[in-house]
Amino acid sequence: MQAGAKAHNGNGNGSLNGSRNGSPSGDPSTQELLDLIVEHASRPMEEAQALPAGYYTSEGLYELEVERIFKKDWLYVCRTDEVENPGDWYSAEIVGEPIMLVRGKDMQIRAMSRVCPHRFMDILKVERENGLDHGNKDSFVCPYHSWAFNTEGDLTGAPLMNRSTLFEREKDSYCLKNFAVEVWQGFVFVNMDPDAEPLGPRFAEMEEVLAPYRLDEWKVVERIDWPDSPVTWKLAMDNGRECYHHQGAHSESIEPLWPSHLVDADTTDSEYFYYQKMFVDPKGAIGEEDGHFIQPVVLPPLDGLTPYQRSHSLLVGLYPTMWFSPGPDVLLVAKWWPTGPQSHKFDLALCVHPSRLDHPDLEKVRAETKEWLLQIQEEDFRMVSGIQEMLGSDHARRGGALSHLERPMWTFQKYMAKRLAGANA
Ligand code: FES
Ligand SMILES: [Fe+2]
């Protein structure tokens with residue numbers, strides 16, 4: 001079924017146009033989109049097809065994404081070294097839900113709600129007003145009525161509450177709500193679903209490929225935050241997942257280093273992740289060892305990597321919202337979080353191995369890599385914002401065939417089919 005080609009079928013809830021999501025324009029209903037995702041996800045890769053504009057614009061689908069993905073699945077927040085010491089906090093909003101990661105005095109990383117259990121003030125209101133999204137505190141004191149919480153989220157003080165018998169009865173339950181946390185390869189993930197399955201086992205297939213990079217050791221040396229962008233998270237993420245556009249959108253920046261035609265994307269059918277290998281263009285290589293062209297580096301490569309591992313960078317995506325790219329010398333980490341059906345926030349971290357932290361070129365590398373990443377993101381944003389502007393067209397109702405280099409878009413269809421429609425494709 002091609003949803004874009006289908007007329008309204010009167011299957012809805014009595015709305016005038018008969019569409020379940022009430023769209024007045026002939027757009028597919030949420031159910032039609034779910035059926036289409038499941039159908040696309042069940043095809044072989046050779047038949048894989050991009051989803052229509054309605055997949056990106058449907059508010060009904062977005063509501064399901066919030067409920068079944070962002071409030072149910074593991075979401076990457078930051079690296080462990082960004083909350084390295086007791087009292088370190090890192091704040092974020094997951095689809096409007098204000099949270100913070102806090103390293104406790106017991107060295108455990110916890111995820112907590114920032115909503116005060118008294119009358120709902122943001123525990124980090126003052127810090128947020130000052131533009132801070134991370135810091136260090138001995139305790140968290142609500143700016144409204146001064147209820148205080150320790151780094152584990154327990155209530156430790158509440159002035160002038162001594163006449164409340166209700167408070168006396170309930171005070172042990174007045175903590176900052178905790179969410180599930182899991183650390184994998186130095187990445188901290190949060191899950192708002194208390195019954196979430198563990199995350200790590202999903203990625204067992206990649207352990208061997210990743211082991212030489214010792215990813216849990218790397219440290220963030222730069223984080224770039226972009227302001228809220230008026231582009232749906234799914235468009236931005238689809239773009240981030242495939243290297244097919246190197247030869248188009250990045251023809252003068254990435255393509256000379258990692259050309260599209262040398263990318264190996266044919267690695268996995270998993271609906272939870274992908275990894276691909278971006279091999280250096282022989283013309284851009286700095287040498288050849290054991291028959292492998294060696295990728296240029298900005299810092300000495302990580303000790304112990306073989307010539308083969310120094311011939312490429314990995315691009316590893318974990319659904320739904322992040323990728324990381326370990327190379328011989330630097331590690332890049334990106335995340336996209338929706339801020340609404342048609343907007344998202346993006347940030348990118350540059351990490352280096354601790355053995356390179358005192359390298360004399362580090363500051364220069366940090367500044368130059370930041371410039372390069374800003375340029376790449378500008379190139380990407382031109383593309384995804386350009387597509388966003390086309391989504392209202394009558395001619396964006398049927399997507400085209402996917403290249404073998406767009407494999408992660410196909411495996412992400414499987415993820416969406418499973419999470420949104422409960423279908424195994
Ligand atoms: S709202 Fe936090 S102490 Fe009242
Ligand atoms: Fe790109």
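Me: What are the ground rules for the numbers?
Reply: Residues count from 1 along each chain as its sequence is written, while chains are lettered from A and ligands numbered from 1 in the order in which they are written. As the model is predicted, local features need pLDDT of at least 70 and side-chain atom pairs pLDDT 80 or more, while totals for chains, interfaces and linings use all residues.

Me: At what angle do H7 and H8 pack?
Reply: About 135°, with the axes of H7 (residues 233–241) and H8 (residues 362–390) 10 Å apart. Helices (H or I, at least four residues) and strands (E, at least two) are DSSP runs, numbered from the N terminus. Axes are lines fitted to C-alpha atoms, for helices over the stretch in contact, and angles run from 0 to 180 degrees between N-to-C directions.

Me: Which residues of H7 meet H8?
Reply: Leu235, Ala236 and Asn239. Contact means C-beta atoms, placed from the backbone, within 7 Å. On the H8 side are Asp380, Met383, Val384, Ile387 and Gln388.

Me: Now the sheet. What is the strand order?
Reply: S11-S19-S18-S17-S16-S13-S12, an open sheet of 7 strands with antiparallel pairing. Two strands pair if DSSP finds at least two bridges between them.

Me: Which strands stand at the edges?
Reply: S11 (219–225) and S12 (263–264); each has a single partner strand, so one side of each lacks a neighbour in the sheet.

Me: How many bridges join S18 to S19?
Reply: 9, between residues 331–340 and residues 343–352. Tryptophan 336 has phenylalanine 346 in S19 as its bridge partner.

Me: Which strands does H8 touch?
Reply: S11 and S19, and its direction makes about 35° with that of S11.

Terms used:
Two residues are in contact if their C-beta atoms, placed from the backbone, lie within 7 Å.
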